[in-house]
Amino acid sequence: MRQFEEQVGSLFPCRHVRPNYDRPEEFSVRQKTRLRRRPKLPLPMSSEDWGKDSPPLSPRNGPRTDLGTGRTATGPGSRLSFRNVFVRYPGSEVDAVSGASLDLHREKIVIVGPNGCGKSSLLKAALGLAPVTQGTVRVLGEDVRSIHGRTGVGTNLEEVYRLMTVPVGRLISIWAALKGGSDVDLRRSIDAFGLTSVVDRPLFRLSTGQTKLIGNLFALAFAPQLVLLDEPFDNVDFARRRKCIDLLLRSDASIALNTHELDLLHSFPDWGLFFMFEGQLIGRFRAGDIDRLYVNRGVREDSLAQFHTSLGEVSVTLGRGEVPMKAAANLDYLLDRIS
Amino acid sequence: MSLAVPYTRAVLTNWYLWFWGVAFMAFWFVLGAYVFSGGLPPGRAAEVDYTSAWFSVMALLSLTTLAMAIATSMTYGTSALAFGFRFTRLTPRGYALSLAVAAGVMGLLLSFIMALVVSGLFSAHFHTAITPANLPAIAGISVLSGAFMMGLATALVLVVVNYLGLRNMSFVEFLPLILSYLFGFTQLFVALPSWFLYLCPWNDMESLLYQAYAGSPATQVLTQGGSAALWWPLSVAGLVGWVVMLLGLAAVLLRRIRSVSFQEGRQI
């Protein structure tokens, strides 16, 4: 263990050391290494893969996924699809998202990862708000670069509601017209969340928690097919978290939700689960199994998934391992422990 | 999907625009009527020319504040627009037209207020009624000018957002004002070639506003009544051409709008 620590030092926070994708020869070598390793891993997750005492995946949890690669058995009707997506912001020397692949059908997933790992960038890429430098993103079956007028997508990202400086009440009317729906349900939800007082104020005058809640309610309004939620519970009090969770569980939309709070996974036991580290998307797991998942240093025979970090390989195991995921409130803490 | 009503409402209730577009210009009108008019030759014709020249330049600058307001607010909404064009019924053309309508309405109001203030102050100073000769013409030119300012601001901002980076934003925000000062004051004192005056949209607006207020054609040099007169249909054609071109360019650039953080525009 000490030797390992000397070799890898502290795992997180860490500097991203990535293959240089500007040099194809280096990239290809890295990819080959990964391809050799991956077949040793258990094949796509399904209820069988998880052991006898693991409850089966809900049909809503959708397709099987090659663990560790994020590759998914795809089929028609995918509402959100990432294919080897890289995101890099202008002026940055590292990729915010590195080769993410994912298919989201009529199902709900949580993406968990430490702060700064690329979760928000992944969602922004799906909304056409982040610079995709490689790969393809398809939303509701269309390439996000050319999509237009598809009203069935909702998000809680505050910046998409900054069309003009108007009070929330007027923003609701404008948004209802833009989405082609009625604003009645949204106003009712805002009342139910005790946010009636905010409708006379513009978004930028609200507290962080109020802004987040309003964003969540806008995202779920107007009968969306796909909802992308970025840290939907940040700065939200317990009672309203509960209400939000109920809304998410009852929603008919496909949902991709990202968070850095592992505790939240207990609220969504039937949802799919992905981890994100240093821009890499790892999964799929099952959120209800979070109490049985362990994180380990290095590669293990029984690992369900493994991923490369700047400081070494990390593997995920089920049932036994070094550090239980449930021991951590968030992934920053967890990775700090195994380092 | 049209946002003309909410945008018009947002523009009309923008108090900063009212301050820079009306209150600040009124201050200059007071100076023009009571301070700078000292050396004016006697006679009604000179007083009308002088008043009309002040109206045309100040109305031009007042309209320019519209462009600056639109440019500033658009940088805060790049993500909203990028999302809106993909996942709502909002279209680039609808958005551009909505903004043009809002800018046209505000331009109309600004010009009428300028005309009101000018005629009140200058008439009081010269002890004779110097009122606008052609109010409908002022209305039409103002709407066109508002649309031009909107198109200009949108096109400039989108070039910066999509291709140059937000650090250039402060320059772009002031560019319409700089050009308004440059071309507006140049025509007051310098004899520019006629073809240039017809092709330059700022001079088109200034010439047309002058003629609408004075009732007589604008001249190559507004302060020299003896210089060559300009033919207003060509000025109208020049201005309409610019409006169409800029709105088209704005619609094309809007389709490619890039989501940027306004923090990128920080200078320090």
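User: Happy to dig in! What should I keep in mind about the model and its numbering?

Analyst: This is a predicted model, in which local features need pLDDT of at least 70 and side-chain atom pairs count only at pLDDT 80 or more, while totals for chains, interfaces and linings use all residues. Residues are numbered from 1 along each chain as its sequence is written, and chains are lettered from A and ligands numbered from 1 in the order in which they are written.

User: What makes B:Ala100 buried or exposed?

Analyst: A residue is buried if 20 or more other C-beta atoms, placed from the backbone, lie within 10 Å of its own, exposed if 12 or fewer, and partly exposed in between. B:Ala100 has 26 C-beta neighbours inside 10 Å, so B:Ala100 counts as buried. This residue is found in helix H5 (residues 92–126) of chain B, a helix being a DSSP run of H or I with at least four residues and a strand a run of E with at least two, numbered from the N terminus.

User: Which residues is B:Ala100 in contact with, leaving aside its neighbours within four places in sequence?

Analyst: They are B:Ala147, B:Met150, B:Gly151 and B:Leu247. Contact here has a clear cut-off: the C-beta atoms of the two residues lie within 7 Å. B:Leu222, by comparison, is 122 residues from B:Ala100 in sequence and 29 Å away in space, C-alpha to C-alpha.

User: Why are H6(B) and H9(B) called roughly antiparallel?

Analyst: Nice one to work through! Helix H6 (residues 135–164) and helix H9 (residues 201–214) of chain B pack at an angle of about 165°, with axes 9 Å apart. Axes are lines fitted to C-alpha atoms, for helices over the stretch in contact, and angles run from 0 to 180 degrees between N-to-C directions. Angles under 35 degrees count as roughly parallel, over 145 as roughly antiparallel, 65 to 115 as roughly perpendicular and the rest as oblique. H6(B) and H9(B) are therefore roughly antiparallel.

User: What is the make-up of the contact of H6(B) with H9(B)?

Analyst: Its residues divide into 10 nonpolar, one polar and no charged. Nonpolar covers Ala, Val, Leu, Ile, Met, Phe, Trp, Tyr, Cys and Pro, charged covers Asp, Glu, Lys and Arg, and the others, Gly among them, are polar. Among the residues making the contact are B:Ile141 and B:Phe148 of H6(B) and B:Met205 and B:Leu208 of H9(B).

User: How do you know how H2(B) and H3(B) run relative to each other?

Analyst: The axes of helix H2 (residues 15–34) and helix H3 (residues 44–75) of chain B come within 9 Å and cross at roughly 160°. H2(B) and H3(B) are therefore roughly antiparallel as well. Their contact includes B:Trp20 and B:Phe29 of H2(B) and B:Trp54 and B:Leu61 of H3(B). Its residues comprise 12 nonpolar, four polar and no charged.

User: Why are S4 and S7 of chain A said to stand at the edges?

Analyst: In chain A, four strands form an open antiparallel sheet in the order S4-S3-S6-S7. Strand S4 (97–104) and strand S7 (142–143) each have a single partner strand, so one side of each is left without a neighbour in the sheet.

User: What makes S3(A) and S4(A) a pair?

Analyst: Pairing requires at least two bridges found by DSSP. Strand S3 (residues 80–87) and S4(A) have five bridges, in the antiparallel sense. One example joins A:Leu80 to its bridge partner A:Leu104 in S4(A).
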